[in-house]
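Hi there,

I am passing on the structure we talked about, and you will find it just below. After it come my notes on what turned up.

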Amino acid sequence: MVRISGPAQREGRAASDRRRPTQGTDRGIVKSTLSPAGLRRATRRTLAGAAATVLGAGLALTAVPGPALAAVGPQPGTYTGLGFDACTAPTGAQMQAWREHSPYRAVVIYFGGVSRGCAQPALTAEWVAAQTAAGWHLVPMYVGLQAPCLATSRPRIDPAQAAAQGRAEADDAVARAVELGLPRESVLFYDMEDYDGGDATCTSAVLTFMSAWTARLHDQGYLSGFYSSMARGVADQVAAYDTPGYVRPDYLDFARWDDVATVSDPGIPAGYWAPKRRIKQHVGPHDETWGGVTINIDGDYLDVAPLPATRFGDFTGNGWSDLGYRDPATGQVHVYGGNGTTLSGRITLGAGWNGMDVIIRAGNFDRAGGEDVIAREKATGYLWLYPGTGLGISGRIKLGAGWNSVREITPIGDYDRDGYQDLLAVQSSTGALYLYPGTGGGAFPTRVLLGSGWNSVDELNAGGDFNNDGYPDVVAREKSTGYLFLYPGRAGAPNTRTQIGSGWNTMRDLVQLGDFDRDGRPDMVAVQKSSGYVYQYRWLGAGWASPIRLGTGFGAMTPLL
């Protein structure tokens, strides 16, 4: 039985407390509203603020045709600079005044959640479209259930229901985002107010909740952000960052009120949420006046950009690479959806695949938009293309005959840069490596010889750009030694090789998974022969990170794709 590794949490490390801010006076008219009683009660992301306006259940709304809204891109987009947040979204006129006179170009919007502290009369889809068209970057902030150890009268996470609650809150956040016209790939931040440290049950509940929140957002095509203070919430996220099975947030918004506009912090390792995945709330509540308009705000500094897109391997269409495999017992091919850290949600691509002795993912081979599958029919040697639909596959197209004379049929992406996906294969009788230029679904033109001596390798995969030179590279395992070699795919044949690992003869089905975690680098999966565990291997630029177990029970499942 195939099992997918679930979330596993550990108690977080301690971190430094919030610092008292130093208020500057060089940003227009600035007036502090902080009190000596402490920063925590003064935060604009307060849980003790005015009650949120709640619409009556079952209220029927009649759609009224109106003017078309300007297209809104994923938020907050690409931006490095100052931002602000106010408890209530400013009106359009206030935003225009600040756009013309202030140094700010980003604004936090509180778009939902049972703990949202202020009404939002101005926050509509029309407002969102108008502000993004004016050049504002929006940071959507959801204020929902809070930590079980937080002293508050507002709803809190139930440790026994933390995962289910995290998914439910994510569903609601997506619904609210859709209402406002915030598209897929937007980052939806969760506001988790500072909670007491040293409570392992509380920490575990928060991490379980946030892991489920992030995974569910990924399932629906949105990205996840996390806001809290450095005192506890962020420290727990840092401690859990590399915990196997934990689906960490994609972006981090941390509070340290030291009036220093930077996203670097000694409490956050440099490689975590990098590059361009951080926001810092560096100034607490105060009044500022620009263009004659005074707003009480917190000050933020952003350094953000969209995550690298998934180039291939996304069968389910949620923006993340997935993992497929054949179950020989049934002849079915299944696909587990990826979410950047773990696998969840299985779909089936049909039965009858035991008649194939090669099954590979082919990227967008036919250029129709879906993730396609290519398979070789064992009885005939025919090569078939199964076009992907985003939800499965539909029909098949014969690509050619005589393919039973080659082995290690491997997708390599657009190797010759003509806009079509290509294949590699080794001639069994000679060990020659050939490139088969793709045409999108028709017969292959004359193949191109890339090199000889490839019968010395027994695992071949390709398609990812490991050395970041813009060309897809080849990874191969040497049969006699178990060494893993990288063959750069620069213009010409991939002949010069670099050893990138040893001991790989303990693994099988080495498959490039695409950029599974969307960090801009290719990743690989493989099955451990002795245990049947499937592991993810993250490429770090010069070597592999420690493997992460994605699932168990894959001993009989072959091939992976």
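Two strands count as paired here if DSSP finds at least two bridges between them. Helices (H or I, at least four residues) and strands (E, at least two) are DSSP runs, numbered from the N terminus. Please keep in mind that this is a predicted model, where local features need pLDDT of at least 70 and side-chain atom pairs count only at pLDDT 80 or more, while totals for chains, interfaces and linings use all residues. Residues are numbered from 1 along each chain as its sequence is written, and side-chain values use heavy atoms, with hydrogens and water left out.

Strand E15 (residues 372-377) pairs with E16 in the antiparallel sense, over four bridges. Within that pairing, Ile-374 has Leu-385 of E16 as its bridge partner. The hairpin of E15 and E16 has five residues between the strands, and Gly-381 there takes a positive phi near 75°. E16 is also joined to strand E17 (residues 397-400) by three bridges, and these two run antiparallel. In that pairing, Gly-400 of E17 stands opposite Leu-383.

Which way do the side chains of E16 point? From strand E16 (residues 383-386), Leu-383 and Leu-385 point one way and Trp-384 and Tyr-386 the other way, and all are buried. Buried means under 20% relative accessible area, exposed over 50%, and partly exposed in between (1.4 Å probe, protein chains only).

Further along there is an open sheet of four strands, in the order E18-E19-E20-E21, with antiparallel pairing. Strand E18 (406-413) and strand E21 (448-451) stand at the edges with a single partner strand each, so one side of each has no neighbour in the sheet. On average, neighbouring strands of this sheet are turned by 30° against each other, direction ignored; the axes behind this angle are lines fitted to C-alpha atoms (for helices over the stretch in contact), and angles run from 0 to 180 degrees between N-to-C directions. E18 and strand E19 (residues 422-427) pair in the antiparallel sense over five bridges, and Pro-411 has Leu-423 in E19 as its bridge partner.

Now to the cysteines. How many disulfides does a search of the whole structure find? It finds two, a disulfide being a pair of cysteine sulfur atoms within 2.5 Å.

One of them is formed by Cys-87 and Cys-118, with their sulfur atoms 1.9 Å apart. This link is right-handed, with 95° about the S-S bond. Cys-87 lies in the loop between strand E3 (79-85) and helix H1 (92-101), and Cys-118 in the loop between strand E4 (106-112) and helix H2 (125-133), so the pair ties together parts that are 31 residues apart in sequence. Cys-87 is buried at a relative accessible area of 5%, and Cys-118 also counts as buried, at 14%.

Another disulfide joins Cys-149 to Cys-202, with 2.0 Å from S to S. The link of Cys-149 and Cys-202 is left-handed, with -65° about the S-S bond. Cys-149 lies in the loop between strand E5 (137-142) and helix H3 (162-179), and Cys-202 in helix H4 (residues 200-219), so this pair ties together parts that are 53 residues apart in sequence. Both Cys-149 and Cys-202 are buried.

Last, a residue of helix H3: Arg-167. Arg-167 is partly exposed, with a relative accessible area of 40%. Leaving aside neighbours within four places in sequence, Arg-167 is in contact (heavy atoms within 4.5 Å) with Ala-212, Trp-213 and Arg-216.

Best wishes
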